[in-house]
Amino acid sequence: KTSIILDKSQVNLYVNGTTTLTARIIPDNSTAKNVTWSSSNSAVATVDKNGKVKATKIGSATITAKTTNGSSATCLINVVSNNVDVTGISISNPYINLVVDGQTTINATVLPSNATNKTITWSSSDSNIVSVDSKGNIKANAEGIATITAKSNNGKVAYSTVKTYRNRIYCLDTQSQTYPYYHNDAILLESNGKFAMIDVSQRTESCQKIDNYLNSIGVKKLDF
């Protein structure tokens, strides 16, 4: 009696991968040499007249080789994903201090380096305080604290905590007095352990009064 065997009984393939199955007719002198190939699920794996199998989507299919006398042999094809999943995200600066209206960029690196989908989605816990764009560029909009999240396509996340503030004029004397005037550019003042920040970009009467006070206690202005 004629029978047929295949060189493989099971094959795992990535999507779009191929393999060729070889059929052997027993006995060698059998007259039933013609082999017909078929797939139980051609949406998952197809097979041509020469036994070449191509994987088309994730799933399983049984490839059957059949002789003219009805003998048959099968091979199970398992089609698996060839995607490399993201296992984590490394973030360049998990803690940031930023002056209001200041801007910086958070860099996120997808791990492993050969991950198939490296897309990162950025979001802010409070865009009124810190906003972030699709490239990780952040801007401080108001005083406070916000968390910036970098998220991969499969849900892996990394965080950066951003604390924003307005530069204030500080005069730290023995009573630890604070003068809450805002400024952008500043001069550092120092004398006998006393430190202060004083506005030089938007000089106001209030700032001038503080200047006078600092002068009265012998504070010297030092550029920085």
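**Strands, hairpins and confidence in a predicted model**

Let me begin with the hairpin of β15 and β16, where 4 residues lie between the strands and Gly 136 takes a positive phi near 85 degrees. Strands here are DSSP runs of E, at least two residues long, numbered from the N terminus, and two strands count as paired if DSSP finds at least two bridges between them.

Residues are numbered from 1 along each chain as its sequence is written, and side-chain values use heavy atoms, with hydrogens and water left out.

Staying with β16, residues 137–140, the strand has two partners to mention. Strand β15, residues 130–132, runs antiparallel to β16 and is joined to it by 3 bridges, with Ser 131 facing Lys 139 as its bridge partner. Strand β12, residues 103–105, also pairs with β16 in the antiparallel sense over 3 bridges, and there Gln 103 has Lys 139 as its bridge partner. As for its faces, Ile 138 and Ala 140 form the covered one, whereas Asn 137 and Lys 139 form the uncovered one. In a regular strand the side chains alternate between the two faces of the sheet.

Now to the open sheet, which has 4 strands in the order β2-β9-β8-β5, with mixed pairing. Because β2 (10–14) and β5 (35–39) stand at the edges, each with a single partner strand, one side of each is left without a neighbour in the sheet. From one strand to the next the twist averages 25 degrees, the axes being lines fitted to C-alpha atoms and the angles running from 0 to 180 degrees between N-to-C directions. Within this sheet, β8 (residues 59–67) and β9 (residues 72–80) run antiparallel and are joined by 8 bridges, and Lys 66 has Ser 72 in β9 as its bridge partner.

Leaving aside neighbours within four places in sequence, Thr 149 contacts residues including Trp 122 and Tyr 159, contact meaning heavy atoms within 4.5 Å.

Finally, confidence: the mean pLDDT, the predictor's confidence in each residue from 0 to 100, is 80 for the protein, and 74% of its residues reach 70 or more. Over residues 168–205, however, the pLDDT is below 50.

Methods: Buried means under 20% relative accessible area, exposed over 50%, partly exposed in between (1.4 Å probe, protein chains only).
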